[in-house]
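Here are my notes on this one, written as numbered points. Keep the structure open beside you and find each spot as you read.

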Amino acid sequence: MITTTITAIAPSMAAAISLPPSIPSHHATPSNHHFRANLGPNRFPMRLEVRSDRVRTRAAVAAGSVVFRDLEADDFRHPLDRQNTLILRAIPGLNEVGKALLGSMAEQVMLLENIGTSVLVSKDQLADLNELMEEASQILNVERPDLYVRQSPVPNAYTLAISGNRPFVVVHTSLIELLTRRELQAVIAHELGHLKCDHGVWLTFANILALGAYTIPGLGGLIAQTIEEQLLRWLRAAELTCDRAALLVAQDPKVVISVLMKLAGGCPSMADQLNVDAFLEQARSYDKASSSPIGWYIRNAQTRQLSHPLPVLRAREIDEWSRSEEYKSLLKRASQINAVGMV
């Protein structure tokens, strides 16, 4: 099994495939990185710590959260994720194509590129971020990956799982600067969602096809053209699943929606002026504007080459799921676990 994954949550959380910054891709244009906002070069100073006015003690954080001790991926997996995964598995030879495009050299390049240019988070290094990762991993019942912070003016986060090595999440300094503590933990939880749901194989195919398939004469171009649209459709569905993982950790839909809103059009200097309710109303107006036959066609054309759904649509999806019986049932189950003292 190929276990190299490169994932993230996207511009707008609505962008195309993202790779670590120094690895080129014909998809990696200024408008299509994973967990990234199109804010242009940042002119504000970067800080590697979570601001002190946002910090709570570990005990205080844990006291306000519930933990899903027996949580399984299928408990929160989006139906479109499940459906499109089955479709991908039915494509003949897809695993073989992925293995041909990946090898130990590619894995080592990705691994060393990130380890060599980032700061490893631990209890002795950026302890506040370490606590966010520890708690999110506990809530989602997933083994804690390593967490790295990387200097970059592009707000972004992504996950790598290299065969034979511990998975790790990379968060850019500008993303830390843009988000509150709870929002940043929601981003971390989204990345953990990819690991929890074993999205690695298909995320790998999507990213590596972008790098390699088009360079293989004849067959490569045919493979890419045949598979890319289905991979992107699956990626968009997978992002909806991982937004749900973010909500399970944040346990407040406004936190997750605020992340989407800030990545769509926010910056630190005006973050306190952004309004989640107004953003949700914007999502409803988009649905109305795209409900006509012409609007439906334009909407499909707008999204078919994206690896992430549009941010307003993701906001609407997470708002609806937060009011669903499925979500309420999960919270009730978790609360009962807390009540009997198992946390």
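1. Start with H10 and helix H13 (residues 311-322), whose axes are 9 Å apart and which pack at an angle of about 180°. Axes here are lines fitted to C-alpha atoms, for helices over the stretch in contact, and angles run from 0 to 180 degrees between N-to-C directions. H10 and H13 are therefore roughly antiparallel to each other (angles under 35 degrees count as roughly parallel, over 145 as roughly antiparallel, 65 to 115 as roughly perpendicular and the rest as oblique). From H10, the residues Pro253, Val256, Ile257, Leu260 and Ala264 meet Pro311, Arg314, Ala315, Ile318, Asp319 and Ser322 of H13; contact means heavy atoms within 4.5 Å. Sorted by type, this contact of H10 with H13 has 8 nonpolar, 1 polar and 2 charged residues. Nonpolar covers Ala, Val, Leu, Ile, Met, Phe, Trp, Tyr, Cys and Pro, charged covers Asp, Glu, Lys and Arg, and the others, Gly among them, are polar.

2. A word on what you're looking at: this is a predicted model, where local features need pLDDT of at least 70 and side-chain atom pairs count only at pLDDT 80 or more, while totals for chains, interfaces and linings use all residues. Residues are numbered from 1 along each chain as its sequence is written, and side-chain values use heavy atoms, with hydrogens and water left out.

3. Now the overall count: the protein has 14 helices and 5 strands. These are DSSP runs numbered from the N terminus, with helices (H or I) of at least four residues and strands (E) of at least two. Of the 343 residues, 55% are buried; buried means under 20% relative accessible area, exposed over 50%, and partly exposed in between (1.4 Å probe, protein chains only).

4. How do H5 and H7 cross? The axes of helix H5 (residues 127-140) and helix H7 (residues 181-196) come within 9 Å and cross at roughly 50°. That is why H5 and H7 count as oblique to each other. On the H5 side the contact includes Leu129, Leu132 and Met133, and on the H7 side Leu184, Ile188 and Leu192 are among the residues taking part. The contact of H5 with H7 divides into 9 nonpolar, 2 polar and 5 charged residues.

5. Look at helix H2 (residues 79-89) next, where Asp81, Asn84, Thr85 and Leu88 are buried. Seen down the axis of H2, its buried residues fall within an arc of 110°, so they line one face of the helix. The arc is that of the directions from the helix axis to the C-beta atoms.

6. Asn141, in the loop between H5 and strand S3 (146-150), has a positive phi of about 60° although it is not a glycine. Gln251, in the loop between helix H9 (219-250) and H10, also isn't a glycine, and its phi is positive, near 55°. Asn141 is partly exposed at 35% relative accessible area, and Gln251 is partly exposed at 22%.

7. Last, two buried spots. Gly266 sits in the loop between helix H10 (253-265) and helix H11 (276-289), and is buried with a relative accessible area of 1%. Gly266 and Leu178 are 88 residues apart in sequence, with 7.9 Å between their C-alpha atoms. Tyr158 belongs to strand S4 (residues 157-160) and counts as buried at 0% relative accessibility.
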